[in-house]
Amino acid sequence: MPGKVLKASAAHPLAAVLLFSSLVGLSALTGWERQPRQYRTDPPVAVALNQLRLMPSGIGGAPPEIYFALDTPYETSAYDLSQGKRLYSWFGCASCHGDGRGGAGPSLLDGWWLYGPSVVAIAASIRDGRPRGMPAFSNRMTTDQVWQLAGYVKTIGAYSASLAAPSRNDDKHTRPAENRAPAAILFDEAPPVPVLSEQGPPS
Amino acid sequence: MKSTSAFLLLALLVSGCSGAQSVLNAEGHAAIELRTLILGTILVCAAVWLVVTMALVSALVRRSDRDGGAVSERKAAAAVSGAVGATVLVITGLTIASFYTTRALSEAPTPELTIDVTAQQWWWQFNYVDQNSARAFVVANELHIPVGKAVRLRLKSSDVIHSFWVPSLAGKQDLIPGRENSLTLQAERPGIYRGQCAEFCGLQHSHMALFVIAEAQADYERWAERQRGAGAEPTEPEMVAGKALFMARQCAACHTIRGTRAAGATGPDLTHIGSRRTIAAGLLENTRGSLAAWIADPQTLKPGNNMPLVPLTSDELRQLAAYMENLQ
């Protein structure tokens, strides 16, 4: 048979190797597609990310449109979440909020957010500070660092499991990993602050 | 003739091994001991190889002479026992040599100086500890040591496993998170020795170099005294503006400049950055231009490092670079 170049006995392992390598390549491509790593936020993007649109009361708001155009990276990219986790310790968040269970500052685990659970409200709290103790970090962190930290803080108190998780702890775990949810029911947390007539910081 | 050309080829091959980062250019106590050991081992192994090859060749030659000739049992037994005896002798000798060499290395004499080394992704922090904490100081990526003195390095890591390797001075030693290793350095001659992280530690592993500068005791003391002091006060208006900018912007949150409000602990200490040879752990030579390039866009020069892109105007960038360069 002139068309038959390879013998059947040689073609089988070759086909297996080809299939295997294309599967490996495909999975690598899928991984890349799911999470291309962005090390450097372009300055115009950072400026756009800084345009937080908050409600007049400072509670809740809408993220800038660029956030959706970027496909909400700070909540879904494991790299950004890991950087956020690093920033959480680097910028001393734990000195008030502990490992998320609170302390001098409010707990981030109990599912209750004084300023709403949206990532934009958390970013605004970090950037501009809040009354009664939360300092502003706008002159200590860059815009994308604020967003990375906000994305991470959101995972601490998440009530639904997430596919993207920051890297594991190097030291002893004091609470379940960030991608486990709901985190709060595993703790003996004090009952959340009751809903106020006007949501916001308890007066 | 053949051996000469082989030697020439070997010389050509190892000609790249000289210079500031080479095991063959041994200038430290440990490196010299180790070089002697490895050269001795190579010599002995080469001799063994030569003897075995000669025996093989002679056996082949003689075999073709006497076709199918019987070998006397006594002769064969003598040859085998001779070979076994020689092997045992050589291996025992090498083992003893290796044992005594490495024992000499682990016998660290009482150190004259102790320095805490913390490896970071991707730079080195050297903490010159002192009983009087006011005399302690921190530098980055440049380790100064006095010549001829035993210096103990306490090796730590804050993130992943790194490896401290200055081939001209000593062997490798790993830096493991949550564990302290130690290594004794003793440079026998003054010089600048390049070192490198030798354990793959992430994206910029190859851009994690360090320089060990061995100098005479007096020079070392002078250097240390200058490092203990605060950073230079800016004189020109451009540098004054740069200093104000450094304090007001994100820089001060991560970097320390002693004598100012900047006291961040997560980035390299910049108190005397102007006096260092390179910036970004050996990535660029330390000039005003490369300082500006680094500040303007660290993530393109060294992707994945922890320095963010701080938005600055070109004037601000110039002022900051001038201030950094002035911090001698």
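Start with chain A: eight helices and two strands make up its secondary structure. Helices here are DSSP runs of H or I with at least four residues, strands are runs of E with at least two, and both are numbered from the N terminus. Trace chain A from the N terminus and the order is α-α-β-β-α-α-α-α-α-α.

This is a predicted model, in which local features need pLDDT of at least 70, side-chain atom pairs count only at pLDDT 80 or more, and totals for chains, interfaces and linings use all residues. Residues are numbered from 1 along each chain as its sequence is written, chains are lettered from A and ligands numbered from 1 in the order in which they are written, and side-chain values use heavy atoms, with hydrogens and water left out.

Stay on chain A and color by burial. Of its 203 residues, 38% are buried (under 20% relative accessible area; exposed is over 50%, partly exposed in between; 1.4 Å probe, protein chains only). Now show contacts, meaning heavy atoms within 4.5 Å. Among those in chain A between residues at least 6 apart in sequence, 60% join residues at least 24 apart.

Next, select the interface. Chain B gives 18 residues to the contact and chain A gives 16 residues. Together the two chains bury about 1,400 Å², with 57% of that on carbon and sulfur atoms. Buried area is the accessible area (1.4 Å probe) lost when two parts are put together, summed over both.

Zoom in on Arg40(A) and Asp297(B). Their side chains form a salt bridge, 2.8 Å from N to O. The rule asks for a side-chain nitrogen of Lys or Arg within 4 Å of a carboxyl oxygen of Asp or Glu, and it finds one such bridge across this interface.

Turn to the chain B side. Two elements give two or more residues each to the face that touches chain A: α6 (251-254) and α8 (298-301) of chain B. By class, this side has eight nonpolar, seven polar and three charged residues.

Now select residues 237-328 of chain B. UniProt lists this stretch as "domain: Cytochrome c" in an unreviewed entry; such annotations may be inferred rather than shown by experiment. The stretch is 46% helix and 4% strand, and its end C-alpha atoms are 17 Å apart.

Last stop: Asn326(B), in helix α9 (residues 314-326) of chain B. Is Asn326(B) buried or exposed? Asn326(B) counts as buried because its relative accessibility is 17%. Leaving aside neighbours within four places in sequence, Asn326(B) touches Ala232(B), Glu233(B), Pro234(B), Thr235(B) and Met239(B).

How values were computed: Ala, Val, Leu, Ile, Met, Phe, Trp, Tyr, Cys and Pro count as nonpolar, Asp, Glu, Lys and Arg as charged, and the others, Gly among them, as polar.
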